[in-house]
Amino acid sequence: MGKQLKKATSVFSIKKVTIKGTEKKFENKVLNNDIGKEYIIVIAPQKYQHGSGLLKNARNYWKNDAGANGKFMFVLQGIRRVKLNQEFNFNWTILMYTYGYTESQITKTKEAFQKLAPECNFVKIASYQEAINYINTKNKDKATDDKKLREKCLVERVFIYCHGFVGKLAMGLTNRSSGDEKLDWDEKVASKLHKNAFSNSAKLYSFSCKTGLGNLEIEEENNIKKQVYDGEEYSGQSSPTTMIPMSHAVYKTITLPLLGEKSLAQKFANATGATVHAYCSRSDYEDTLNTSDELDFMEYYEAGDGKKPARVNDRYKYLLNKKNRKPEDVKRYDTLQKIDKKRILIDGGRFDFDGARYPVKGGTTPVGVPNDMKTYIKK
């Protein structure tokens with residue numbers, strides 16, 4: 001008989017810590033929530049190769065697809081989300097875009113989710129309309145909830161893993177296109193979401209770039225700061241030919257407003273009544289399988305056995321000589337290798353049934369934009 005799961009009476013547990021001397025005692029307090037509510041994960045296509053400087057990146061770019069390590073980044077983050085909440089018997093539904101994934105990739109994705117949550121509902125979608133239909137009615141093929149299915153099971157959470165720009169969830173982003181009208185979510189799509197499909201405590205999380213940013217100018221500048229014209233400054237001299245006073249343009253630096261009230265996150269909040277959490281900055285999936293530091297470490301460790309490292313990290317130069325390896329280095333390398341060996345290639349994409357090792361984080365661009373998740377409520 002399998003492990004018995006706790007009933008989902010909460011979104012999460014709060015652990016209260018009391019300290020007596022050096023002893024810590026934990027009391028689990030479970031928040032009361034209806035177990036009939038639905039938790040939805042939306043997984044976007046991934047046909048975009050970040051960076052084209054390396055030969056392999058350029059090859060992926062021209063193939064119009066993501067690289068091996070990036071292909072399943074949205075999928076793996078979704079799996080991580082379910083795994084972290086596995087102890088609760090949440091009512092999960094996965095809405096997975098089929099565009100850009102092979103049948104084998106989709107099949108393994110379904111298998112991974114249902115391994116963690118056997119009762120998980122896995123729905124393949126081909127357009128934004130099918131996603132919106134399901135959220136509104138529990139049926140991807142119906143725009144109206146005529147059978148009252150959604151009324152009986154309200155949406156409690158939506159987690160969206162995708163690419164994005166200011167004002168758009170770019171589900172159709174590829175190396176050759178910035179989006180696809182059939183796939184992408186914009187303000188018009190957000191307005192199609194029905195408020196009565198969501199519970200009073202519903203939350204929507206967007207893990208795309210810039211969902212919380214409403215100022216297109218910041219995206220264009222890739223910086224919250226901008227140089228603007230501030231008039232002319234005269235030198236006190238005149239042109240020897242025209243006798244007109246000489247001058248030059250003067251510029252000043254201003255800080256552009258985020259305009260969160262105009263963001264797509266705010267549109268979602270207004271349409272659904274849900275509390276929305278989103279990034280103003282770029283969202284960063286680079287640590288999905290490994291951190292950059294872990295990759296540096298592994299390359300330098302292997303360089304001690306004669307393999308030339310392609311990466312540069314002075315912190316691990318000592319590993320170029322295998323005699324310098326410390327016991328903790330050997331242990332760390334063995335642990336990372338065991339993790340890596342469990343991963344499989346599926347039609348060119350590296351897949352891990354355990355999901356992402358690390359979560360999505362806020363990126364460093366546009367420069368100066370806050371990179372923590374911001375909160376948006378209905379106005």
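The buried residues of helix α2 (buried means under 20% relative accessible area, with a 1.4 Å probe and protein chains only) are M73, F74, V75, L76, Q77, G78, I79, R80 and V82. The model is predicted, so local features need pLDDT of at least 70 and side-chain atom pairs count only at pLDDT 80 or more, while totals for chains, interfaces and linings use all residues. Residues are numbered from 1 along each chain as its sequence is written, and side-chain values use heavy atoms, leaving out hydrogens and water.

Helices are DSSP runs of H or I with at least four residues, and strands are runs of E with at least two, numbered from the N terminus. In α2, 9 of the 12 residues are buried.

The buried residues of α2 pack, with heavy atoms within 4.5 Å, against the elements below.

| Element | Residues |
|---|---|
| β3 | 38-43 |
| β4 | 91-97 |
| α3 | 103-116 |
| β6 | 155-161 |
| β15 | 349-351 |

A nonpolar core is a set of buried Ala, Val, Leu, Ile, Met, Phe, Trp, Tyr and Cys residues joined through side-chain atoms within 4.5 Å. The largest such core has 77 residues, and M171 and W185 have the most contacts inside it. Helix α2 gives the largest share of this core, 6 residues. A second, separate core of 8 residues includes F297, M298, L319 and L336.

Notes: Buried means under 20% relative accessible area, exposed over 50%, partly exposed in between (1.4 Å probe, protein chains only).
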